[in-house]
Amino acid sequence: MTTVVIIVAVVLVAALAFFLIRGRRTGGRGLQRRFGPEYDRTVARHDGDTKAAEHELSERVRLHGSLSERPLRPEAREAYARRWAEVQERFIDSPRDAVAEADALLAQLARDRGFPGGDSFQEQTDALSVHHAEQVDGYRRVHTAVRGQGGTEEMRKALIESRALFDVLLADAPEEPVRTDRHEAKGSAAA
């Protein structure tokens, strides 16, 4: 009888340990799946400490996961699309001014969609990363470029990458593509 009790206790402890370890891994995998490249960036920022990175990402989800994006009125969408096309055109003559305007435009668009205001860039990008992890790094690159870090080619790449976040914020649904200029309608991959 005592042997059976011991065996049952050992099996229960082993099962409990298995589920606890599996649950931890699933949390990490779940965060990895949800955040994609943002997960890797956060782990790198924490010098490879996945536990610290996962804690930070979990905190972002806790703080911003229930945020509901507000839809834009059609005229607001059109105005944003027009302004972005102007940014792209301005880049040829004044890359730094165009990138600064793209940075401000993204901050305003995010705010209009219901994300935290532009008072804290970090808070805004944290919230955006919870909902648009695949696209938020382009916004960071534009923001960095505005601060004078990088030449014209870096600014061009930042503007191109930030376009993905602009498109997803401008759309009512992330999978809805938005055309903002006549060149893209023809299939061109202009910035």
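**Helix packing and selected residues in a predicted model**

Me: Where is Asp 47 found?
Reply: Asp 47 lies in the loop between helix H2 (37-45) and helix H3 (50-64). Helices here are DSSP runs of H or I with at least four residues, numbered from the N terminus. This is a predicted model, in which local features need pLDDT of at least 70 and side-chain atom pairs count only at pLDDT 80 or more, while totals for chains, interfaces and linings use all residues. Residues are numbered from 1 along each chain as its sequence is written, and side-chain values use heavy atoms, with hydrogens and water left out.

Me: Is Asp 47 buried or exposed?
Reply: Asp 47 is exposed, with a relative accessible area of 74%. Buried means under 20% relative accessible area, exposed over 50%, and partly exposed in between, with a 1.4 Å probe and protein chains only.

Me: What is phi of Asp 47 near?
Reply: Phi of Asp 47 is near 55°, a positive value in a residue other than glycine.

Me: Changing topic: at what angle do H5 and H7 pack?
Reply: Helix H5 (residues 95-112) and helix H7 (residues 136-146) pack at about 135°, and their axes are 9 Å apart. That makes H5 oblique to H7. Angles under 35 degrees count as roughly parallel, over 145 as roughly antiparallel, 65 to 115 as roughly perpendicular, and the rest as oblique. Axes are lines fitted to C-alpha atoms, for helices over the stretch in contact, and angles run from 0 to 180 degrees between N-to-C directions.

Me: Which residues in H5 and H7 meet?
Reply: From H5, Arg 96, Val 99, Ala 100, Ala 102, Asp 103, Leu 106 and Ala 107 meet Tyr 139, Val 142, His 143, Ala 145 and Val 146 in H7. Contact means heavy atoms within 4.5 Å. The residues of this contact divide into 9 nonpolar, 1 polar and 2 charged. Ala, Val, Leu, Ile, Met, Phe, Trp, Tyr, Cys and Pro count as nonpolar, Asp, Glu, Lys and Arg as charged, and the others, Gly among them, as polar.

Me: And what does Thr 125 touch?
Reply: Thr 125, in helix H6 (residues 121-131), touches Val 136, Tyr 139 and Arg 140, not counting residues up to four places away in sequence. Thr 125 is buried, with a relative accessible area of 0%.

Me: Last one: where is Glu 153?
Reply: Glu 153 is in helix H8 and is partly exposed, with a relative accessible area of 40%. The C-alpha atoms of Glu 153 and Pro 95 are separated by 9.4 Å, although the two residues are 58 residues apart along the chain.

Methods: Helices (H or I, at least four residues) and strands (E, at least two) are DSSP runs, numbered from the N terminus.
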